[in-house]
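Subject: Handover of a structure and notes on its contents

Dear colleague,

Please find the structure below, followed by an account of what was found in it. I would be grateful if you read the notes with the model open.

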Amino acid sequence: MRFDLADLRLFLAVVEAGGITHGASAANLSLAAASERLRQMEASGGVSLLDRGRRGVSATRAGEALAHHARLVLRQVATMQAELSEHARGVRATIRLLANTAAMAEFLPGRLGPWLAAHPRIDVDLSERPSSEIVKAIAGGLAEIGIVSDAIETSPLTTSPFAVDRLVAVMSSTHPMARERRIAFSQLLGEDQIGFAGALQQHVDDHAARAGHRLQPRVHLRTFEGICRMAADGVGFGIVPEIAARRCRRTMPIAFVRLTDAWATRRLLLCSQAVQELQPITRQLFEHLARGQHAPILRPDTDP
């Protein structure tokens, strides 16, 4: 069997995404190239690594064994690279950080900026992902630090409080519900919606589906400001973080109403594998981000 590091990264990405299409995208490969690599891996090993079904793929018993060893190998390679980089003068180190929509758009810029300015030789590879995918990526050693909603199971990762994210419904100031102080999400299900082109929309769609409703936004936008602008024009309502709605209300004729649903108030958590095992510079970043919440680091067996 001859598997290179790219093979191992692709295989883990496919297993964690539960599908070849999403796994190929995470590994920056085309679907055709990823499928051929996986076929060659199975041919080289003489064993089936993936069970392919209508709803995606899952690892066979052989595939689970490969995934286990791939995580160990990639983690060791990352450790080796980090240690060598400390001895290479002028070489820039990179920390991979995954965050959900609210953290990436609203909370991270203010906390991450000062730290990056103080560490000119450190880059941060920042990507937006749904919280569930972030936990899998951190556990699999595909990223060092994640920021997720506390609605997601994070065991056995180390976590620390990061921020409180309250989702609100934003709408035109002349909307019939604009004078309400709080409303249930179910009250909005018959209204026109402005969607968000990011992980947050999946979160909203999931809760609409649990209420037996399929959301069909009139348009998807990439920024909260864009959603607020269209809401001000009467296009429909949008679901955005309260911090973004407050900022936009200063310059736009909008109103926002808090949602009574428990899922609309989320604690955002920093997560990583054991903090004491992180590379020193990565641990510094984790602790810097945690200090922004003025909270101690929590171990996996500690109640938040």
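Is Arg218 buried or exposed? Arg218 is exposed, with a relative accessible area of 54%; on this scale buried means under 20% relative accessible area, exposed over 50%, and partly exposed in between, with a 1.4 Å probe and protein chains only.

Please note that this is a predicted model, in which local features need pLDDT of at least 70 and side-chain atom pairs count only at pLDDT 80 or more, while totals for chains, interfaces and linings use all residues. Residues are numbered from 1 along each chain as its sequence is written, and side-chain values use heavy atoms, with hydrogens and water left out.

Loops

Arg218 sits in the loop between helix 7 and strand 9 (219-221); helices (H or I, at least four residues) and strands (E, at least two) are DSSP runs, numbered from the N terminus. Its contacts, not counting residues up to four places away in sequence, are Asp192, Gln193 and Val235, where contact means heavy atoms within 4.5 Å. The C-alpha atoms of Arg218 and Ile194 are separated by 5.8 Å, although these residues are 24 apart along the chain.

Two further loops have backbone features to note. Most residues other than glycine have a negative phi, and most peptide bonds are trans. Asn28, in the loop between helix 2 (20-26) and helix 3 (31-45), has a positive phi, near 60°. Asn28 is also exposed, with a relative accessible area of 70%. In the loop between strand 5 and strand 6 lies Pro156, and the peptide bond from Ser155 to Pro156 is cis, with omega near 5°.

Salt bridges

How many salt bridges does the count come to? The count comes to 10, a salt bridge being a side-chain nitrogen of Lys or Arg within 4 Å of a carboxyl oxygen of Asp or Glu. Side chains of opposite charge can pair when their charged atoms come close.

One of these joins Arg247 to Glu106, with the closest N and O atoms 2.8 Å apart. Arg247 lies in helix 9 (residues 242-249) and Glu106 in helix 5 (residues 101-118), so the pair ties together parts that are 141 residues apart in sequence. Arg247 is partly exposed at 30% relative accessible area, whereas Glu106 is buried at 12%.

Arg266 forms a salt bridge with Asp165, and here the closest N and O atoms are 2.5 Å apart. Because Arg266 belongs to strand 12 (residues 265-272) and Asp165 to strand 6 (residues 158-172), this pair ties together parts that are 101 residues apart in sequence. Both Arg266 and Asp165 are buried.

Within helix 9, Glu242 and Arg246 are four residues apart, about one turn of the helix, and their side chains meet in a salt bridge of 2.7 Å, N to O. Glu242 counts as buried at 6% relative accessibility, and Arg246 as partly exposed at 40%.

Two buried residues

Ser149 lies in strand 5 (residues 145-149) and is buried, with a relative accessible area of 4%. A polar atom of the Ser149 side chain lies 3.1 Å from the backbone nitrogen of Ala151. Beyond residues up to four places away in sequence, Ser149 touches Asn100, Ser131, Arg266, Arg267 and Leu268.

Glu16, in helix 1 (residues 5-17), counts as buried at 12% relative accessibility. Leaving aside neighbours within four places in sequence, Glu16 is in contact with Arg71, Lys136, Ala137, Gly140 and Leu142.

The second largest pocket

The second largest pocket has a volume of about 300 Å³. A pocket is an open set of points on a 1 Å grid over the protein atoms alone, where a 1.4 Å probe fits, with protein on both sides within 12 Å along at least five of seven lines; lining residues have an atom within 4 Å of a point. Grid points are joined across faces, edges and corners, and the volume is the space filled by probe spheres set on the points.

Of the 16 residues lining this pocket, the closest to its centre are Ser131, Ser132, Ile152, His203 and Asp206. Helix 6 (131-139) and helix 7 (199-210) are the elements that give two or more residues to the lining, and the largest share, seven residues, comes from helix 7.

With kind regards

Conventions:
Polar contact = N/O pair within 3.5 Å; in protein donor to acceptor, adjacent residues only side chain to side chain.
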